[in-house]
Amino acid sequence: SVGIRATFVPPALGLPRADEAWLAAFSEGFFALAERHGVDLIGGDTTRSERITICVTALGEVPSGVAMYRATARPDDDIWVSGELGSAALALSLSAQSHPAQSHPDFAAAAAKLHQPEPRVELGERLRGLARAAIDVSDGLAGDLQHILERSHVGAVIRYADIPRLAAFAQLNDRELEKDCVLSGGDDYELVFTAARERRKEIEALS
């Protein structure tokens, strides 16, 4: 569910080798984010692996009756997303291709979304009582929205032009890459949620 305040995070970290510089940078970012959200690090494990693997389990609680689940969307709900989609996937794609566009200043925002995603904790809390169903976009809009639709036994119509995305996509002039990133790209961790139409003004006021 969305809107849970995490209290304990036991991480499991797998590394090919002990890279002190990498570990220092990772730890700095990890603890800064945990401290900002009042999360305590309890336990954890480190192992050797062929690739860097990071697994974090967050445990927490939410006040009774206000959690937002996947199964509570209703017919005629609006569908909202909390920010631009496809940015992290774009950064990953350009990096893998060594694409010349990745050096353009406008793509720095995409790289930031990939390497430093911002948890929408505050928004999740503010949406209590406003949104009906919610999930974070970790595996792409199409796939994650589908989880809501299946659990809620509803369908959806999405207008592609209305999905917010990074302005830099227009500079690439690659419609297939853009659609793949915006619809199927993961790791943005924005929220996709549904709400009754009469809640539009209240939700817009949260922007």
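## Strand 9 and its partners

Strand 8 (residues 131-136) runs antiparallel to strand 9, and the two are joined by four bridges. One place to look for this pairing is Ala131, whose bridge partner in strand 9 is Ala195. Keep in mind as you click around that this is a predicted model.

Strand 9 also has a partner in strand 7 (residues 78-81), again in the antiparallel sense and again over four bridges. Two pairs to pick out here: Val81 stands opposite Val192, and Ile79 has Thr194 as its bridge partner.

## How enclosed is strand 9?

Why does strand 9 (residues 191-195) count as largely enclosed by the rest of the structure? Five of its five residues are buried, so the strand is largely enclosed. In a regular strand the side chains alternate between the two faces of the sheet. In strand 9, Leu191, Phe193 and Ala195 lie on one side, Val192 and Thr194 lie on the other, and all are buried, so both faces are covered.

Strand 2 (residues 11-15) pairs with strand 5 in the antiparallel sense over four bridges. If you want a residue pair to start from, Pro11 stands opposite Val56 in strand 5.

## Helix 2 against helix 3

How do helix 2 and helix 3 sit relative to each other? The axes of helix 2 (residues 87-97) and helix 3 come within 7 Å and cross at roughly 105°. That angle falls between 65 and 115 degrees, so the two helices are roughly perpendicular to each other. On the helix 2 side, Ser87, Ala88, Leu90, Ala91 and Leu92 make the contact, and they meet Ala110, Ala111, Lys113 and Leu114 of helix 3. Sorted by type, the residues of this contact are seven nonpolar, one polar and one charged.

The buried residues of helix 2 are Ser87, Ala88, Ala89, Leu90, Ala91, Ser93 and Leu94. They pack against helix 3, and also against helix 6 (169-172) and helix 7 (175-184).

## Arg165, an arginine in a loop

Arg165 sits in the loop between helix 5 (141-152) and helix 6. Is Arg165 buried or exposed? Its relative accessibility is 18%, so Arg165 counts as buried; the cut-off for buried is under 20%.

The side chain of Arg165 is joined to that of Glu178 by a polar contact of 2.7 Å. Leaving out residues up to four places away in sequence, Arg165 touches Glu84, Leu85, Tyr160, Glu178 and Val182.

## Pro119, a proline between two helices

Pro119 belongs to the loop between helix 3 (108-115) and helix 4 (121-126). With a relative accessible area of 30%, Pro119 is partly exposed.

Which residues does Pro119 touch, not counting those up to four places away in sequence? They are Leu33 and His37. His37 is 82 residues from Pro119 in sequence, while their C-alpha atoms are 9.5 Å apart in space.

How values were computed. Residues numbered from 1 in each chain as written. Predicted model: local features only at pLDDT ≥ 70, side-chain atom pairs only at ≥ 80, totals over all residues. Heavy atoms only, no water. Buried < 20%, exposed > 50% of the residue type's maximum accessible area, 1.4 Å probe, protein only. Contact = heavy atoms within 4.5 Å. Axes fitted to C-alpha atoms, helices over the stretch in contact; angles between N-to-C directions. Parallel < 35°, antiparallel > 145°, perpendicular 65-115°, else oblique. Nonpolar A, V, L, I, M, F, W, Y, C, P; charged D, E, K, R; others polar. Pairing = 2+ DSSP bridges. Polar contact = N/O pair within 3.5 Å; in protein donor to acceptor, adjacent residues only side chain to side chain.
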